[in-house]
Protein chains: 2
Amino acid sequence: MSDSKIRNMDEFARVSGVSRPTLSKYFNEPESVRQTTRRKIDAALKKYDYRPNIYAMNQNRKLTKSIGIVVPLLSDPYFAEIARNLEQRCIAAGYRPTLFSSHGDPAFEVEVLDTLRSMKPAGVLFAPLGRASDRAALERFCADVPTLIFDSSVDEIGLAFVGSDNFQFTSHITDYLCRTGEAPCFFEMKTPANPNAHRRRQSYVDAMQSFGFTPHVISVDGEGWGFEEIGRVGGHAAFDQNQFSTNTILCSNDRLAIGLLTACYEKGIRVGRGAECTIRVAGQDGHPHSRYTCPPLTTISHNYDAVSQTAAEALFAAIDGHVTPWQSTRLEGKLIMRASA
Amino acid sequence: MSDSKIRNMDEFARVSGVSRPTLSKYFNEPESVRQTTRRKIDAALKKYDYRPNIYAMNQNRKLTKSIGIVVPLLSDPYFAEIARNLEQRCIAAGYRPTLFSSHGDPAFEVEVLDTLRSMKPAGVLFAPLGRASDRAALERFCADVPTLIFDSSVDEIGLAFVGSDNFQFTSHITDYLCRTGEAPCFFEMKTPANPNAHRRRQSYVDAMQSFGFTPHVISVDGEGWGFEEIGRVGGHAAFDQNQFSTNTILCSNDRLAIGLLTACYEKGIRVGRGAECTIRVAGQDGHPHSRYTCPPLTTISHNYDAVSQTAAEALFAAIDGHVTPWQSTRLEGKLIMRASA
DNA sequence: AATTTAAATTTGCGCGCGTAAATTTTTAGT
DNA sequence: ACTAAAAATTTACGCGCGCAAATTTAAATT
């Protein structure tokens with residue numbers, strides 16, 4: 001590699017034997033220049049390590065090649081996993097993804113929106129905080145930037161919604177639990193941070209009634225995103241007050257279930273399907289960690305790949321001008337039968 | 001708020017009654033303009049929602065206000081947690097942090113470096129993949145951009161290193177285990193993705209010898225970042241081949257320990273300190289999940305706050321021109337005694 | 001070989017802001 | 001009130017690239 005430094009596109013145009021506007025086209029969309037030209041540029045790129053100034057590039061471009069990915073809380077492995085998946089799809093499609101976490105804070109979510117707006121991204125993949133989100137701010141943002149909502153829905157906002165079918169989730173795993181033992185009661189947070197929780201409770205109630213059972217919901221106290229601790233503390237309280245009406249507990253999500261399993265352990269209650277076990281516990285989400293709990297957690301898993309693929313491709317299509325009317329895609333979950341229930 | 005749109009700084013200068021160069025100063029460093037002037041700008045900002053074009057801003061600025069944060073794998077809760085911590089410190093200090101994950105891939109790590117270079121960040125907080133990192137590329141990068149290395153050290157590269165004292169970690173928890181029961185054997189990956197692992201094994205051996213015990217290391221197969229599964233599968237194999245020489249197992253990290261706990265559960269082996277328990281298991285890292293394993297995992301925890309604070313402040317100081325010779329700061333871990341050992 | 005079509009080039013303007021130098025205004029100090 | 005210092009303003013230029021129009025060159029078609 002030559003060590004002579006290339007300062008700008010003009011200099012690089014000289015050494016590559018291609019005009020600057022052609023280079024500009026190439027860097028924006030390599031396929032848009034003739035193959036022979038592309039080879040000249042590629043050869044020069046190998047020789048001199050020039051990279052265009054991204055700030056100068058994006059200043060005048062109407063449509064940047066960047067995509068924003070926003071999740072409510074990046075330190076939640078579920079969101080980390082789906083963010084990772086989306087990120088790699090963006091890269092594969094030739095975009096520059098930028099990751100954001102709302103840190104579970106509605107005010108910060110609005111700030112992320114502002115930051116994103118000033119980035120002039122080609123599009124945004126946005127998982128809202130849910131209930132707590134500033135609807136008006138989100139609506140204004142969607143009017144300016146092509147935004148695809150995923151994970152949890154906020155009415156008919158943005159290009160489309162892609163997520164899991166929470167009704168199917170809960171009704172499917174409730175069905176499974178009813179068939180294999182006592183009908184479950186439902187363990188949830190009183191004030192859940194996520195709107196999916198409401199759908200899940202409702203679906204549990206519906207499913208139980210349609211199967212001819214009486215639903216029983218245990219709502220525990222606790223604010224914020226420390227679900228495991230809320231599940232653990234709430235689990236202790238529920239046991240102490242004898243709130244579990246059956247020997248089977250369906251949790252609103254896996255993190256809550258993980259906390260409940262810890263509470264069971266601490267109380268000396270054996271969890272599982274065996275004869276020596278007292279109760280069964282199931283979760284919902286297919287959390288990356290659910291395989292490794294003790295006992296391994298029976299859960300209904302998001303189809304991570306399908307959700308992220310559907311979401312990413314819908315956004316890419318919209319960016320490419322294939323506008324379709326708003327639609328909601330809700331993908332089915334897959335029951336993962338493990339030892340806990 | 002007035003709805004008349006402000007297109008650029010010139011227009012905003014007119015409506016705020018301040019000159020454009022003064023605005024430029026303000027947006028770069030609000031404290032650098034007189035208080036009366038600042039109030040005029042703040043008032044105008046409330047009235048018109050103008051935000052300077054970040055691309056135009058950064059194009060000619062030598063020193064951007066952005067900071068890059070790079071971790072090996074963002075879907076690992078340990079890195080997610082420390083990244084979150086660092087991110088908020090950057091925001092509090094008035095910087096714009098951007099998060100990157102190397103996805104456990106050395107080639108991708110180099111790409112992240114290239115992306116970062118073109119961002120002209122004020123500084124970078126970089127946690128290398130370790131052994132697998134492209135040392136030369138990293139060195140070149142550090143020559144161009146103020147970079148602080150954290151978590152795992154790569155010789156004397158960058159401004160400084162801040163991380164945990166892996167020798168203290170392992171020797172401290174080994175000491176604890178020896179005092180409270182049988183001396184531990186050491187459970188690790190044969191080809192660890194992280195260089196800290198080597199330090200920990202070495203420290204275990206040293207500690208055991210200094211306490212007058214014979215060290216015993218079990219190295220299990222497995223590539224990549226799926227530590228829990230490697231620990232689980234390796235645990236099964238180790239039990240089947242009777243490789244554990246004592247009833248106490250110190251794992252190289254918490255994720256490995258979590259997988260081992262799962263293997264124990266699957267084998268029907270009771271873990272903990274009670275009379276009815278067969279073995280003790282301990283981890284290292286203070287993984288966010290370690291509180292919720294069954295039994296809760298005894299571990300030695302990183303001082304997340306102190307590591308991220310030290311790292312962030314050292315970088316901020318360097319950015320502000322307070323250059324100090326390279327130094328390595330290794331913070332002690334805190335023993336967290338739980339039920340598993 | 002002539003024609004059509006596509007791609008690359010030349011030319012030149014503009015984006016929104018940084019920044020430097022010279023000038024004016026404001027503030028602080030005696 | 002006068003002076004010196006600090007801050008704000010005016011003026012002017014440049015950054016690196018996007019982009020559009022006109023022109024030239026190369027590729028594809030007949």
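Select A:P295 to begin: this residue is in the loop between β9 (280-282) and β10 (299-301) of chain A. Helices (H or I, at least four residues) and strands (E, at least two) are DSSP runs, numbered from the N terminus.

Before going on, know what you are looking at. This is a predicted model, where local features need pLDDT of at least 70, side-chain atom pairs count only at pLDDT 80 or more, and totals for chains, interfaces and linings use all residues. Residues are numbered from 1 along each chain as its sequence is written, chains are lettered from A and ligands numbered from 1 in the order in which they are written, and side-chain values use heavy atoms, with hydrogens and water left out.

**Stop 1: the cis bonds**

The peptide bond from A:C294 to A:P295 is cis, with omega near 0 degrees. Now go to chain B. B:C294 and B:P295 are joined by a cis peptide bond too, with omega about -5 degrees. B:P295 sits in the loop between β9 (280-282) and β10 (299-301) of chain B. Most peptide bonds are trans, and most residues other than glycine have a negative phi.

**Stop 2**

Is B:D285 buried or exposed? B:D285 is buried, at 12% relative accessible area. Buried means under 20% relative accessible area, exposed over 50%, partly exposed in between (1.4 Å probe, protein chains only).

Next, select B:N242, in the loop between α10 and β8 (248-251) of chain B. B:N242 is not a glycine, yet its phi is positive, about 55 degrees. B:N242 counts as exposed because its relative accessibility is 67%.

**Stop 3: an arginine in a helix**

Return to chain A and select A:R255. You are in helix α11 (residues 254-267). A:R255 is buried, with 10% relative accessible area. Show its neighbours. Leaving out residues up to four places away in sequence, A:R255 touches A:D76, A:W225, A:G226, A:F227, A:E228 and A:H287; contact means heavy atoms within 4.5 Å. Zoom in on A:W225. Its backbone oxygen lies 2.8 Å from a polar atom of the A:R255 side chain.

**Stop 4**

Now display the second largest pocket, with a volume of about 640 Å³. Of its 30 lining residues, the closest to the centre are A:P77, A:H287, B:S75, B:P77 and B:H287. On a 1 Å grid over the protein atoms alone, a cavity is a set of points where a 1.4 Å probe fits but cannot get out, and a pocket is an open set with protein on both sides within 12 Å along at least five of seven lines; lining residues have an atom within 4 Å of a point. Grid points are joined across faces, edges and corners, and the volume is the space filled by probe spheres set on the points.

Colour α5 (77-92) and α10 (227-240) in chains A and B. Each of these helices supplies at least two lining residues.

**Stop 4: the axis**

Show both chains whole. A rotation of 180 degrees with 0.0 Å of shift along its axis superposes chain A on chain B (RMSD 0.1 Å). That is the relation of a two-fold axis. Copies are superposed by least squares on the C-alpha atoms of residues with pLDDT of at least 70 in both. Finish on A:Y55. Of the residues of chain A, A:Y55 comes closest to the rotation axis, at 2.2 Å (C-alpha).

Note on methods: A polar contact is a pair of N or O atoms within 3.5 Å; within protein, one must be able to donate a hydrogen and the other to accept it, and residues adjacent in sequence count only if both atoms are side-chain atoms.
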